[in-house]
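Thanks for asking me to look this over. Here are a few notes to read alongside the structure.

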Amino acid sequence: MSIPVLDFGACGLQNDPDVSDQQLCSLSQDMKTAFTEVGFAFLKNTGITEEEVARVLDISKKFFLQPEELKKPFSRGNFPNNRNHGWVSMETERLNPRRPADLKESFNFASLHPDIKWPSSEDVKDFQEILTSFYQRCKELSLRVLRVMALSLGLDPEVLLSTHRFIGTDVNGTTLRSLYYQPVNSEKAKQDQVRCGEHSDYGTFTLLFQGSEGLQVQNRSGEFVCAPCIPGTVLINIADLMQRWTSDQFVSVVHRVLLPSNGDSSTRQSMAFFVHPDDEALITCCDGSNKYPPITAGDYLAERFKNSYGQT
């Protein structure tokens, strides 16, 4: 399986958002092919620079390298207005329930609420500003992706845009997730334990900014293949609600991150922007079929969180 590279320059953040449908025709067809056949694609010329990505990865690493007592007050579940916002410690999340908990930690930026408390120690004093700026950039890019995606499905762009109006509020599950994979002694890990268990994503689609290789994607024959890390690109993949929405026309693909090989003490970082429809959006098959029963995006997300974190 080869993950295609699509030139998103016509719709990139460096250009005016009002691109004609004619200009989008070629891009939308390429996107349809990628999401129908592979479920993943690399986007180049998005307008998000390597410098922006490096900046958010750098401040995130400074947060993760702090002592646990400085991170614990910002734990996921400590914020009443958004239970998904905050730090997730090592071996808290289990994305594959048949494996031990994942050997990774993360910070979920899921709320722009002004009352949210942020880390403010000297080393990470710019954490809120940098993550907020990157969140907004990813949001703008995602809205442009949604327009192209709608055209690739033969839909009016408003069909998708109208169900993603509240990105950045507490009635939409869209989350910027900073992921940090600490050095691992593979010989001391639990049996069958990995850095990130096999799973598919939950919502509409995901934008992934990788600091290094390590991600593996399952192909049509069930084999896992390594996804390269291509500088200057964003890796985008279809998520489960979009597969339901399109009656399986677009495919949500299982992926994972295994342990490094023995003797490899390297860390791994990535930034994932998980795009979700608004909580109250009712997801029904856009072809009018009843292949999947209707479900609200909020209910679907809550059920998936229950599976990966346990009762919260």
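Is Asp 102 buried or exposed?

1. Asp 102 is buried: its relative accessible area is 1%, and the cut-off for that word is under 20%. Please keep in mind that this is a predicted model. The residue sits in a loop that runs between strand S3 (86-88) and strand S4 (105-109).

2. The side chain of Asp 102 comes within reach of the backbone nitrogen of Gly 197, at 3.2 Å. Leaving aside residues up to four places away in sequence, Asp 102 touches Met 90, Glu 91, Glu 93, Arg 94 and Leu 95, as well as Val 194, Arg 195, Cys 196 and Gly 197.

3. Thr 46 is another loop residue to check, placed between strand S2 (40-44) and helix H2 (50-64). Thr 46 is buried too, with a relative accessible area of 1%. Beyond residues up to four places away in sequence, its contacts include Phe 8, Gly 12, Leu 141 and Val 234.

4. Next, have a look at strand S7 (residues 205-210). Six of its six residues are buried, so S7 is largely enclosed by the rest of the structure. Phe 205, Leu 207 and Phe 209 point one way from S7, while Thr 206, Leu 208 and Gln 210 point the other way.

5. Finally, the partners of S7. With strand S10 (residues 233-238), S7 pairs in the antiparallel sense over four bridges, and Leu 207 stands opposite Ile 236 there. With strand S12 (residues 268-275), the pairing is also antiparallel, over six bridges; Ser 270 is the bridge partner of Gln 210.

How values were computed. Residues are numbered from 1 along each chain as its sequence is written. This is a predicted model: local features need pLDDT of at least 70, side-chain atom pairs count only at pLDDT 80 or more; totals for chains, interfaces and linings use all residues. Side-chain values use heavy atoms; hydrogens and water are left out. Helices (H or I, at least four residues) and strands (E, at least two) are DSSP runs, numbered from the N terminus. Buried means under 20% relative accessible area, exposed over 50%, partly exposed in between (1.4 Å probe, protein chains only). A polar contact is a pair of N or O atoms within 3.5 Å; within protein, one must be able to donate a hydrogen and the other to accept it, and residues adjacent in sequence count only if both atoms are side-chain atoms. Contact means heavy atoms within 4.5 Å. Two strands pair if DSSP finds at least two bridges between them.
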